[in-house]
Every structure is written in C-alpha cells, then in structure tokens.
Amino acid sequence: MSKNSVKPLVEVENLKKHFDINTGFLSTKPLKAVDDVSFSINKGETLGLVGESGCGKTTVGRTLLHLYKPTGGRIWYDGREIRTKEDISYLRRKASMVFQDPYSSLNPRMTVSDIIGEPLDVQKKYTNKNERRDRILELMNYVGLNSEHASRYAHEFSGGQRQRIGIARALAVDPELLVCDEPVSALDVSIQAQVINMFVELQEKLGLTYLFIAHDILVVRHISDSIAVMYLGKMVELSDADEIYNRPLHPYSKSLLSAVPIPDPKTARERKRIVLSGDIPSPLNAPSGCPFRTRCPYATEECATSMPQFEEVSKGHYVACHRVNEIN
Ligand SMILES: Nc1ncnc2c1ncn2[C@@H]1O[C@H](COP(=O)(O)OP(=O)(O)O)[C@@H](O)[C@H]1O
Ligand code: SF4
Ligand SMILES: [Mg+2]
C-alpha cells in the first residue's frame with residue numbers, strides 16, 4: 001500500500017486521564033497520568049509507545065478503549081468520534097487488548113478452550129457448538145497452538161504459550177485494532193522475539209492495526225511504523241520508527257537510545273551518549289515547565305517556567321523541547 005492511500009484508523013487529540021488521589025481528610029489532588037496526548041495510527045500499521053514504567057502508557061491504552069473514561073480530549077475510530085454509549089460499544093466490537101502479564105490475566109482454572117471461547121460467548125459470535133469449536137481451533141492455530149492444547153488448563157503452560165492463549169482470546173472478537181500492553185515484557189528474552197514475530201505475522205494475515213506498548217524501545221523497533229515516546233504523562237517525541245531510532249531529537253529519547261548498542265559506526269559517532277541521573281519524579285509532584293527538566297542535561301531557566309509545545313519540526317516528526325534546534 002502506498003503511504004498516500006493509508007488512512008488513520010485511530011485519531012487521538014489532547015487525550016487526558018487524571019486520577020483523583022486522596023491526599024488527606026477530604027482533600028484530593030489530580031494525578032495527571034496522561035496529559036494532552038495526541039497521535040494517530042494508520043490502518044494496518046503499528047504505533048510503538050515507549051517510556052519508563054509509570055509514564056502513562058497503560059493509561060493511554062486503556063483510555064483509548066474507554067476502559068477508563070477520558071478526563072478530556074477527543075478520540076475518533078475510523079472517522080467516527082467516540083462519545084456516546086453506542087460509540088463505545090461500537091469501539092469495543094472493533095478493538096481489544098492484550099495484557100502484560102500472562103500469569104495473572106488468564107484464569108488458571110479454565111481450559112484453553114473456555115478462555116478463548118468466553119469472548120465468543122459474550123458477543124454471541126456463533127450459531128451452534130460446532131461453529132464455536134471450529135472458531136476456537138482456528139484462533140489457536142493462528143497463534144501456533146494445536147487442538148491437543150484445547151482441553152488443558154492455563155496453569156499447565158509456559159509464559160510464552162500463555163501469552164499465545166491471551167492473544168488468541170483477544171483475537172476472538174475479530175478485532176481490527178489490538179492494544180498490546182507490554183505483551184512480551186514478562187517473558188524470557190529468548191522467547192520475546194518469537195512472540196513479536198507472531199504479532200508481525202498476524203498483522204500481515206489479518207490486516208490488524210496495533211498500538212504496541214513497551215518500556216524498551218528495542219522491543220518495538222522492528223514491529224513499529226511510528227514510535228511515540230512518553231515521559232510523565234506527556235508525549236515528548238513522535239516520528240517514523242527509523243527516523244526516531246537513527247535521529248532522536250528529544251533529550252529523553254536520546255537517553256533511551258544511548259543505552260542501545262549501535263552497529264553502524266557513523267550513526268554511533270553522531271549519537272551523543274546521555275546517561276540520565278535521578279529517578280522519574282512522581283506525577284503527583286511533576287516539575288513546573290518541561291516535565292523532563294529535572295533530569296535534562298540541557299535544561300535552562302525557560303524550561304522551568306514554560307511548558308514546551310509538542311511541535312512538528314520536520315514532516316511527521318513531533319518534539320516537545322524548547323531547545324530542539326540548538327541541541328541537534
Ligand atoms: N487506576 C489508577 N488510579 C490511580 N493512579 C493510577 C491508576 N492507574 C495508573 N495510575 C498512575 O498513573 C501513572 C501512569 O501509570 P501507567 O499508565 O500504569 O504507566 P505505565 O504503563 O507507563 O507504567 C502512574 O503514576 C500510576 O501510579
Ligand atoms: S525543554 Fe528544556 S528541559 Fe525540556 S527537554 Fe528541552 S532542553 Fe530539556
Ligand atoms: Mg503499563
């Protein structure tokens with residue numbers, strides 16, 4: 001497909017999700033888990049969403065699917081704005097989620113067949129028992145499980161196989177969009193690549209669109225068409241995957257990538273190493289101005305007083321940094 005004929009399946013504008021946190025007797029404070037995040041995902045493509053633990057990735061995924069009610073912002077799915085109950089149930093028929101932890105997200109006392117069959121039952125996706133069974137076997141086949149696995153229990157499987165069961169379950173409703181929330185983070189490194197390759201194959205076969213979340217930018221590099229980097233509830237950079245990998249512009253993206261070994265010596269020379277000091281601040285006490293300023297080697301006074309806008313610095317490449325032109 002040429003890039004020009006690709007249409008966005010998902011569009012998100014200024015999405016916000018704030019949680020009210022109790023800070024004392026009758027007093028609450030908003031925790032800005034997601035604050036003014038905008039992105040779109042083209043049909044059949046993958047947006048990789050990366051950032052340290054606690055930066056708001058899961059909340060983006062869940063709010064996008066209206067599993068959390070957005071505090072603000074707008075969401076469109078295939079051109080339809082999602083506002084009413086009807087819109088939300090329309091969205092739920094089109095999209096599903098793969099969870100991070102294949103150990104806690106599957107009921108160990110259910111058989112594989114019932115785990116995968118449950119969403120079929122809920123959405124009445126079959127007319128008789130044979131149809132149900134055939135569909136379950138088809139789904140198992142998609143993820144590399146065979147019919148002998150159907151009557152076994154989830155606890156009998158390894159992490160990688162459990163994640164395959166979770167993926168088959170997410171596919172049961174025949175979704176167009178999958179929100180994959182760190183689907184390989186809990187797996188052994190040795191099987192992460194197998195599971196990622198399976199996601200790639202499923203995308204090709206079923207024409208799926210992915211929001212693919214990971215804390216490690218390396219994990220999403222090969223599966224992603226675009227990559228978005230989050231920090232403390234904000235999106236700090238968004239661009240084509242190769243572009244961000246070879247030429248990250250935001251100091252935080254640079255720091256994520258400076259931990260990654262680079263085979264090409266020219267790129268390695270151009271990419272300055274940035275090692276972050278200190279921990280990510282609590283989103284309940286986010287710094288004034290740029291959220292990254294307490295860890296940024298380039299921070300100036302302006303960074304403490306004003307929030308940088310998320311701006312397009314070259315075609316399709318967005319960055320939120322006051323000094324993006326000076327430091328690159
Ligand atoms: N249901 C919730 N109630 C209150 N705070 C939450 C809730 N879910 C997430 N948070 C907070 O929102 C921030 C972002 O969390 P999360 O989206 O899970 O980040 P990530 O997936 O990037 O690790 C964290 O500070 C987390 O503690
Ligand atoms: S705005 Fe300032 S503190 Fe924030 S990333 Fe840019 S230089 Fe660093
Ligand atoms: Mg998460």
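Predicted model: local features only at pLDDT ≥ 70, side-chain atom pairs only at ≥ 80, totals over all residues.
**Strand β6**

Next I asked which residue of β7 is the bridge partner of A95. It is L177. The two strands, β6 and β7, pair in the parallel sense, and I found four bridges for them.

**The sheet around it**

I then looked up the whole sheet. Eight strands form it, and it is open. Going across, I wrote down the order β6-β7-β8-β3-β9-β10-β12-β11. The pairing is mixed. β6 (95-98) turns out to be an edge strand, and β11 (311-314) is the other edge, so to speak; each pairs on one side only. From one strand to the next, the twist averages 20°.

Within the sheet I picked out β3 (residues 46-50) and β8 (residues 209-214). They run parallel, joined by five bridges. One pair I noted by name: L49 has I213 in β8 as its bridge partner.

**Helices on the sheet**

Which strands does helix α5 touch? I found that α5 (residues 159-171) packs on the sheet and touches β6 and β7 (177-181). Its direction makes about 170° with that of β6.

Helix α9 (residues 251-258) also packs on the sheet. I listed its contacts as β3, β9 (226-231) and β10 (234-240). Here the angle with the direction of β9 is about 105°.

**Helix α3**

I went to α3 (residues 112-122) to see what is buried there. The list is V112, I115, I116 and G117. These buried residues pack against α4 (129-142) and α5. After the helix comes K124, and I noted that its phi is positive, near 50°.

**Ligand 2**

Around it are P251, C290, F292, R293, C296, Y298, A299, C303, P308, C321, H322 and R323. How many residues of this shell are nonpolar, polar and charged? I have nine nonpolar, one polar and two charged.

**The chain overall**

I finished with the whole chain. It has twelve helices and twelve strands. The radius of gyration is 21 Å, close to the 20 Å that the globule rule gives for 328 residues, so the chain is as compact as a globular protein of that length. Along its principal axes, the C-alpha trace spans about 65 × 55 × 40 Å.

What share of the 328 residues is buried? I noted 37%. My last entry is on contacts: of those with a separation of 6 or more, 63% come from residues 24 or more positions apart.

Technical notes
Residues numbered from 1 in each chain as written. Chains lettered and ligands numbered in written order. Pairing = 2+ DSSP bridges. Axes fitted to C-alpha atoms, helices over the stretch in contact; angles between N-to-C directions. Contact = placed C-beta atoms within 7 Å. Buried ≥ 20, exposed ≤ 12 C-beta atoms within 10 Å, placed from the backbone. Rg over C-alpha atoms; globule rule 2.2 N^0.38 Å. Near = placed C-beta within 6 Å. Nonpolar A, V, L, I, M, F, W, Y, C, P; charged D, E, K, R; others polar.
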